[in-house]
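Dear colleague,

Here is the structure I promised to hand over, with the sequence alongside. Please have it open while you read the notes that follow.

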Amino acid sequence: MTVFNLGSINLDYFYKVPHLPKPGETLGALSFSQGLGGKGANQSVALARGGAEVYHIGQIHKDDEAHIALMAQAGVDLTHIARGDVPTGHAIVVIDDASGENQILLMAGANHALTDSQMTKALEGAKAGDWALTQNETNLGEAFLKTAKSKGLQICYSAAPFVKDKLLALIDDVDLLVVNEGEAAEIAAALGKAPEAWGLPHLVVTKGAQGAYYWGKEGALFQPSEQVKAVDTTGAGDTYLGFLLAQLSHGASISQAMAIASKAASIQVTRFGTADAIPALAEL
Ligand code: ATP
């Protein structure tokens, strides 16, 4: 089965600073680096590295082709990424060198300029049983999942960052919901019931170094995390989701898919970086 991922693509700019800037202060940075970011792009890279056939649906500025080279290298199909005049989404991440605390300025840019026709055209090639995936960092997420559902696709939703109204509008259409502990708590508050009572076909709640819980058609499961020395957990959740869904797209059971996802995420957290730290299936 193919995965159609409508998702964000960001340029992440990282600046290490001697302290977080105060209002009005001009501050010299100690170092600078940049990389591919955005939950959508990260999940597409993880899906492809996890062995899935994945089409990314998104938008970047036409001059930023070089920034999505990592997606191409991973094997993501970029046919449905529009290249336009709106600036590519970006995040300016300022990190206090002493404490590790950060400040993040996020500009959605092209991630909020996706068009109906682009989305509809991308789904023309989809067949019943394929997977549609989205997160909350672009426009058109709800319309995409509704259109995909009407075409018989299976729906995977990564409810991050959590937006209550979007979740309530979509939850009845979702086949697989993957959230972290914090998002699960927000959803539980919004629905007024604990995760095991949400009644979803498949629900996975990840809990960092502890492991991940599952409730759904395959019962109730807990998959403990691998014991590793984590150095940077940014993108662990996206890696987990990508490998989980890649396995499911090839017909694996939930417990098989969770075991592979846990292994992949445990490798990713032992490396610095986000998309570039995602392992290939062969490394597992
Ligand atoms: P992030 O926001 O950091 O990308 P998240 O909050 O979405 O992640 P987590 O629940 O923190 O998601 O982690 C997802 C999965 O990654 C976990 O279920 C686990 O399999 C793996 N993982 C995360 N942190 C660790 C760790 N310290 N050691 C081993 N595995 C980890």
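I begin with Thr134, which, leaving aside its neighbours within four places in sequence, is in contact with Asn5, Leu6, Gly141, Phe144, Leu145, Cys156, Tyr157 and Ser158, contact meaning heavy atoms within 4.5 Å. Before going further, please note that this is a predicted model, in which local features need pLDDT of at least 70 and side-chain atom pairs count only at pLDDT 80 or more, while totals for chains, interfaces and linings use all residues. Residues are numbered from 1 along each chain as its sequence is written, and side-chain values use heavy atoms, with hydrogens and water left out.

Thr134 lies in strand 8; helices (H or I, at least four residues) and strands (E, at least two) are DSSP runs, numbered from the N terminus. With a relative accessibility of 1%, Thr134 counts as buried, where buried means under 20% relative accessible area, exposed over 50%, and partly exposed in between (1.4 Å probe, protein chains only). A polar atom of the Thr134 side chain lies 2.6 Å from the backbone oxygen of Leu6. This was listed as a polar contact, that is, a pair of N or O atoms within 3.5 Å; within protein, one must be able to donate a hydrogen and the other to accept it, and residues adjacent in sequence count only if both atoms are side-chain atoms. Between Thr134 and Ser158 the C-alpha to C-alpha distance is 6.2 Å, although the two are 24 residues apart in sequence.

Helix 1 is mostly covered, with ten of its eleven residues buried, among them Gly40, Asn42, Leu47 and Arg49. Just after helix 1, Gly51 takes a positive phi of about 100°.

The charged pairs come next. A search of the whole structure finds eight salt bridges, a salt bridge being a side-chain nitrogen of Lys or Arg within 4 Å of a carboxyl oxygen of Asp or Glu. One of them joins the side chains of Lys39 and Asp238, at 2.9 Å from N to O. Because Lys39 lies in helix 1 (residues 39-49) and Asp238 in helix 7 (residues 236-249), the pair ties together parts that are 199 residues apart in sequence. Asp238 itself is buried, with a relative accessible area of 4%.

Another salt bridge pairs Glu65 with Arg83, whose closest N and O atoms are 2.9 Å apart. Glu65 lies in the loop between strand 4 (53-61) and helix 2 (69-74), and Arg83 in strand 5 (residues 81-84), so this pair ties together parts that are 18 residues apart in sequence. Glu65 is partly exposed, with a relative accessible area of 35%, and Arg83 is partly exposed too, at 32%.

In a further salt bridge, Lys149 meets Asp175, with 3.3 Å between the closest N and O atoms. The pair links distant parts of the chain, 26 residues apart, with Lys149 in helix 4 (residues 141-150) and Asp175 in the loop between helix 5 (164-170) and strand 10 (176-180). Lys149 is partly exposed at a relative accessible area of 31%, whereas Asp175 is buried at 16%.

Which residues are closest to the ligand? Of the 17 residues that surround the ligand, the closest are Asn180, Thr206, Gly208, Thr233 and Gly235, a residue being counted as near if one of its heavy atoms lies within 4 Å. Oxygen atoms of the ligand lie 2.8 Å from a polar side-chain atom of Thr206, 2.8 Å from a polar backbone atom of Gly208 and 2.7 Å from a backbone N or O atom of Thr233. Taken alone the ligand exposes 630 Å², of which the protein buries 83% (Shrake-Rupley method with a 1.4 Å probe; for residues, only the protein chains shown count as cover). Strand 11 (202-207), helix 7 and helix 8 (254-268) each supply at least two residues of the shell around the ligand, and the largest share, three residues, comes from helix 7.

Finally, Thr274 has its place in the segment after helix 8 and is buried, with a relative accessible area of 11%. Leaving aside its neighbours within four places in sequence, Thr274 is in contact with Asn42, Thr234, Gly235 and Gln268.

With best wishes
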